[in-house]
Amino acid sequence: MEDQVKYLLRRLVRRIPTQVLKGTLEKWGRLTVAQQQNIDFTQTKWALADQLITISEEKGWTVQHIAELEMIYVIDNPIERMWHALQLVDPESNAAAVELMQFKKQFKSHLNELVRHVSVKIKKHTDEAVWIRIAWGDRCSQPNNLRPTYVVHYLQTPYVFVTGLTSKRKPLLYQALIIATRHQTIKDANLSGRKLSAIRDLLMQQYEQVFSAKYPSHLVERSQKASHPQIKREHAEAEVNRFQMACEAFGGGKLPQLQSAVYKLETKFKDPTNQVMAESEQPFRCVVTFASTDLLESLRHCASSGISSTPVTPLLSSIPRKGRNYLVITDKVPGSDSQINQTTH
């Protein structure tokens, strides 16, 4: 066990940036003021780890203590991971009354019934999010703290965000969440990204949405392309209209920072010059991915600047409207208003 503590501690120190490590250790609270002051944060990561390992031997730190340190770091720096959104469905009549202590008790006890060796840590964050760290084991092996699953859930909401979850562990986690939150089932929300705050804000609509209305007249001042008053006014009006439609489609102000959107096409092939493909009964399948460091901002800029046409196509505006960045596109069927199907995977 001591060797495992040393390995986990050294691995964690190497992973945490030096400028962040000091603050993380302070929040952890396992070091005295004197020990904190004696640590030289300008030395190499290897030497830093050696110094902390020496202290751990003196204090008798366990694997659980190191897991606690890691959890503090991940809560403050969730951007390192790929997060996937889930949605709880069909709440029971008393679902809204679930409190933190009830949730913790139900979640831990049920997961312990399902898995013989499992380590669960639950911590409530300042923004009311409940953070869960799960180190999975099985009948023969102890919990693997090298590859934990992290879960974030806001009580009294149907939304859950997970990272590091394997397909093998998915049914176990889902069952524990359903029971602890008093819902009937849980499904994939078809939304993922490396920035937890972005997919959270998009799914929970915690960003500035714009509805159909004329923007303030000061936006006209953005257009300085023509000197003739009449032409200048026409350009300004067109620019304001484009900006209005772009904001109606994607939102105003600062947008959730998504990195990608994936479209899975399952449509009939339409090309009169290729009868073999066009007459096929099977749909034409392909996957199209849009990628950017800030996808929604990029799409809004394309629409407002005239690079892309307006009104914005529903294929793109569906990302914020439906709160997902994985969409399946099929051929229209009678009575259908949209080509974009809501799918569950």
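**Figure 1. Overview of the predicted model.** The protein chain folds into 12 helices and 10 strands. The model is predicted. Of the 345 residues in the protein chain, 43% are buried. Among contacts between residues at least 6 apart in sequence, 68% join residues at least 24 apart. The accessible surface is about 18,800 Å². Carbon and sulfur atoms account for 51% of that surface.

**Figure 2. Helix α7 and its cover.** Helix α7 spans residues 170–181 and has 12 residues. From first C-alpha to last, α7 reaches 16 Å, close to the 16 Å expected at 1.5 Å a residue. Buried residues in α7 are Leu-172, Leu-173, Tyr-174, Ala-176, Leu-177, Ile-178, Ala-180 and Thr-181. An α-helix has 3.6 residues a turn, so residues three or four places apart point the same way. The cover over the buried residues of α7 includes helix α6 (100–114). Strands also contribute, among them β1 (83–91), β3 (129–136), β4 (149–154), β5 (159–163) and β6 (183–193). Just after α7, Arg-182 takes a positive phi of about 60 degrees.

**Figure 3. Strand β1 and its pairing with β5 and β6.** β1 pairs with β6 in the antiparallel sense, over seven bridges. Within this pairing, Leu-88 has Ile-186 of β6 as its bridge partner. β1 also pairs with β5, again antiparallel, over four bridges. Here Leu-86 stands opposite Val-160 of β5.

**Figure 4. The Trp-28 and Trp-61 pair.** The structure holds five aromatic pairs. In one of them, the ring centres of Trp-28 and Trp-61 lie 4.6 Å apart. Their planes meet at 65 degrees, so the pair is edge-to-face. Trp-28 sits in helix α2 (residues 18–28), and Trp-61 in the loop between α4 (45–59) and α5 (63–76). The pair links distant parts of the chain, 33 residues apart. Trp-28 counts as buried at 6% relative accessibility. Trp-61 is buried too, with a relative accessible area of 8%.

Figure 5. The ring centres of Trp-83 and Trp-131 are 5.7 Å apart. Their planes stand at 85 degrees, so this pair is edge-to-face. Trp-83 lies in strand β1 and Trp-131 in strand β3, so the pair ties together parts 48 residues apart in sequence. Trp-83 counts as buried at 0% relative accessibility. Trp-131 counts as buried at 3%. Ring pairs link Trp-83, Trp-131 and Tyr-150 into a cluster.

**Figure 6. Arg-10 over Trp-46.** Arg-10 lies over the face of Trp-46. The distance to the ring centre is 3.9 Å.

Terms used. Residues numbered from 1 in each chain as written. Predicted model: local features only at pLDDT ≥ 70, side-chain atom pairs only at ≥ 80, totals over all residues. Heavy atoms only, no water. Helix = DSSP H or I, 4+ residues; strand = E, 2+ residues; numbered from the N terminus. Buried < 20%, exposed > 50% of the residue type's maximum accessible area, 1.4 Å probe, protein only. Contact = heavy atoms within 4.5 Å. Areas by Shrake-Rupley, 256 points an atom, 1.4 Å probe, with all protein chains shown as cover. Expected span 1.5 Å × (residues − 1). Pairing = 2+ DSSP bridges. Phe/Tyr/Trp six-rings, centres within 6.5 Å; stacked < 30°, edge-to-face > 60°. Lys NZ or Arg CZ within 6 Å of the ring centre and 35° of its normal.
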